[in-house]
Amino acid sequence: MSLAFDDYGRPYIILREQGSKKRMKGLEAYKSNILAAKAIANTLSSSLGPKGMDKMLVSPDGDVSVTNDGATIVEKMEIQHPTAKLLVELSQSQDAEIGDGTTGVVVLAGKLLEQALTLLDKGIHPLKISDGFDRACDVAIKHLENISEEIDIQANEHEALIQAACTALGSKVVSKRKRELGKIAVTAVLDVADLGRKDVNLDLIKIQTKTGGSVEDTRLISGILIDKDMSHPQMVKEVNDAKICLLTCPFEPPKPKTKHNINISSAEDYKKLYLQEQQYFVDMVKLVKDSGANIALCQWGFDDEANHLLLQNNLPAVRWVSGTDVELIAMATGARIIPRFQEITPEKLGKAGSVKEVQFGTSNERMLVIENCQCTKAVTILIRGGSQMIVDEAKRSIHDAICVIRNLIKDNRIVYGGGSAELACAIQVLQYADEVSSVEQYAIRSFADALEGIPSCLADNCGLNPITSVAQAKARQLQENNHRIGIDCMELGTTDMKEQRIYETLSSKKQQIQLATQVVKMILKIDDVIAPDDY
């Protein structure tokens, strides 16, 4: 510890912390990083596949989540090790870009790290391993493009899209109802999709959850559903040909921003203040009514005085509408968000066919539905479930299905699931390794072994013998030159994934292999770790 002075002559103390830090170099650093990241991947490996197990996560404040979604699991795990956090970012980037395959990408990264550890023990330099993995990754990606197939997403009432959604939902808590939920997801995406531009604005699909009922009660609403009701119980419950005034200013008198107090010394003064306040409310309601609006949606609250006046003036209103809902309503109805009452004009109003209050269940739960919006077709998926955990997991599952359908509309090429694509790539990578004369061929072979780890993990999670199942599938792929042979996880009697109609988007599979390889290369380049003692 030493004393120093800054430019202004102020003293400060320099603490020497280097002695309290731990430092790892070379092979010890590689192994520490690999083992930490592998521990995360091993945790997730039992969640892979249609019969994968769910994880129960309890937060520090006692919130319980039960989920099968890889990105959610790693996000809610309290991970301290900085290298292990790279796998959290890995699953999040897969989730952000593709939306599905978050478990698979982490498991593949874990298998690659497992192989890298074996190669390091053999004395192969980490950079040689990285280069070998990079070359193998390129071969695998090219082969995926060669074996991919284009599907007609319009044929047979969009059956291909429904089947892709069913594959995404097959491993989730809601798998029993995967067909019904898949159809809901497909209809929602097609309602908001621009098929000409091959573009889908997912912001126009709102997913609203409500506990009560069962997953079968989940339904698609052609419009925007907001978890609010009319601000006064006597207001009309339905407004047809709605002209919506979207306000982000509260229905209340302006508050002075100075620290001055108002002294009221007599009843007359109080009456004057009361009348002035009343006049503020009257003017506000008049400005809304004069613009031609027949319903007001306010982001803020308003007190009973304003509520009563709105009722007297036959102006239905909704308070405490969330910011995201305000933006979505503005997009769908063509409304301009109005920050001040003085700026209300007829041109800034949004238009919708109807705004009505709907009721659910026996608990008098009410919500508002805005239908037949003027500008874009916005839709809402209302998810029901017996408990908050089921509802939350159903929301995550439907989000994955929606992302898969969006990806197929953007790029309609698919590869077959059940580990068949990984096995086909592994065979191709092994053939390429025979042509490489440098030391990198060991890393290329290890990459193929890591790819085989995915079907092996699938078989293990389904109660099959992983070694036998993978060996049989690999032998049949080579004998029949059929890249569609995978693991029969559902035990349907066929290992041809085309017959089982199990497929994934090409973009998802490519992204998984590329991201996993990039993260493993990054981990292999860390050879010096300086960290606090408790690390």
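**View 1. Arginine 179 and its salt-bridge partner.** Arginine 179 is partly exposed, with a relative accessible area of 31%. In this predicted model, its side chain meets that of glutamate 159 in a salt bridge, at 2.9 Å from N to O. Glutamate 159 sits in helix α6 (residues 155-169) and arginine 179 in helix α7, so the pair ties together parts that are 20 residues apart in sequence. Glutamate 159 has 15% relative accessibility, so it counts as buried, the cut-off being under 20%.

**View 2. A look along helix α7.** Helix α7 covers residues 178-192, and its 15 residues should span 21 Å at 1.5 Å a residue. Which residues of α7 are buried? They are Leu181, Gly182, Ile184, Ala185, Val186, Ala188, Val189 and Val192.

View 3. Glutamate 371 belongs to strand β16 (residues 365-373) and lysine 356 to strand β15 (residues 350-360), so the pair ties together parts that are 15 residues apart in sequence. Lysine 356 is partly exposed, at 25% relative accessible area.

View 4. Glutamate 452 is buried, with a relative accessible area of 15%.

**View 5. A network of salt bridges.** Asp229, Lys237, Glu357 and Arg366 are linked together in this network. How many salt bridges does a search of the whole structure find? It turns up 29.

Note on methods
Residues are numbered from 1 along each chain as its sequence is written. This is a predicted model: local features need pLDDT of at least 70, side-chain atom pairs count only at pLDDT 80 or more; totals for chains, interfaces and linings use all residues. Side-chain values use heavy atoms; hydrogens and water are left out. Helices (H or I, at least four residues) and strands (E, at least two) are DSSP runs, numbered from the N terminus. The expected span of a helix is 1.5 Å times one less than its number of residues. Buried means under 20% relative accessible area, exposed over 50%, partly exposed in between (1.4 Å probe, protein chains only). A salt bridge is a side-chain nitrogen of Lys or Arg within 4 Å of a carboxyl oxygen of Asp or Glu.
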